[in-house]
Structure formats: structure tokens, C-alpha cells
Amino acid sequence: VEGALRRESRQLQNRTALLSRQEVTLSQTASQTELQLREAEAVLEHAREEEQNAERTSEILDWKLQLATTELSRRNHRPRAARGSDRDTAASSDSMGQGAPGIPEPPM
């Protein structure tokens with residue numbers, strides 16, 4: 001009877017030690033997983049910021065393209081003799097901060 005009790009006690013001690021080691025391992029794994037989650041969230045936030053910056057840059061480039069297209073269209077439709085004087089007039093109105101009609105406003 002005593003031998004059986006010692007065996008059962010040893011088995012329970014071994015089981016306790018095993019469960020204790022498993023608990024330490026699981027705790028470490030949980031800590032590592034939490035750290036990886038925080039890093040992944042930071043990377044995702046950075047990627048979202050980059051996407052917003054890229055969208056803003058795209059909007060600005062689209063606006064500049066519209067502006068250039070409008071300007072080229074105007075230049076192509078002007079009479080040849082008046083082109084020199086029109087450039088002087090356009091330059092003076094631009095320098096005064098006045099936009100020309102038909103030129104799109106920059107995106108906000």
C-alpha cells in the first residue's frame with residue numbers, strides 16, 4: 001500500500017512539474033504573441049499613413065495634370081499673332097495672385 005502511495009505521489013509531483021513548465025512556456029508564448037500583435041498594429045498604422053500620403057500625392061498630381069491640360073488647351077486655341085501679348089497678360093495676372101478662369105482649384 002505504501003509503495004502504491006509513493007508511486008502515486010511521485011506521479012502527481014511529476015505531473016505538477018510538467019504543468020508548471022507548460023504554464024511558463026504558455027506565458028512566454030502569450031507575451032511574444034502580444035508583442036508581435038503590437039508590432040503588427042504599428043506596421044498597419046504606418047501603412048495606412050503611407051496610403052493616405054500616396055492618395056494625397058495622387059490628388060495633387062491629378063490636379064496638376066488638369067491644370068497643365070487646361071493651359072495647353074488654351075495655348076493651342078489662341079490666335080498666333082496674339083500669343084506673345086497673351087503670355088505677358090497671363091504672367092501679370094498670375095503674379096498678382098489671380099487665377100485664370102477655367103483652371104481648376106487645387107484639391108483640399
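## Counting the salt bridges

How many salt bridges does the count come to? The count is four, where a salt bridge is a side-chain nitrogen of Lys or Arg within 4 Å of a carboxyl oxygen of Asp or Glu. Side chains of opposite charge can pair when their charged atoms come close.

This is a predicted model, in which local features need pLDDT of at least 70, side-chain atom pairs count only at pLDDT 80 or more, and totals for chains, interfaces and linings use all residues. Residues are numbered from 1 along each chain as its sequence is written, and side-chain values use heavy atoms, leaving out hydrogens and water.

## Glu2 and Arg6

Let's begin with Glu2 and Arg6, whose side chains form a salt bridge at 2.9 Å, N to O. Because they are four residues apart in helix α1 (residues 2-77), about one helical turn separates them. Helices here are DSSP runs (H or I, at least four residues), numbered from the N terminus.

Are Glu2 and Arg6 buried or exposed? Both are exposed, meaning over 50% relative accessible area, while buried means under 20% and partly exposed is in between (1.4 Å probe, protein chains only).

## Glu34 and Arg38

In the salt bridge between Arg38 and Glu34, the closest N and O atoms are 3.5 Å apart. This pair also sits in helix α1, four residues apart, so about one helical turn lies between them. Arg38 is partly exposed at 48%, and Glu34 is partly exposed at 46%.

## Arg56 and Glu59

Arg56 pairs with Glu59 in a salt bridge, with 3.8 Å between the closest N and O atoms. Both belong to helix α1 and are three residues apart, about one turn of the helix. Arg56 has a relative accessible area of 34%, so it is partly exposed; Glu59, at 39%, also counts as partly exposed.

Methods: Helix = DSSP H or I, 4+ residues; strand = E, 2+ residues; numbered from the N terminus.
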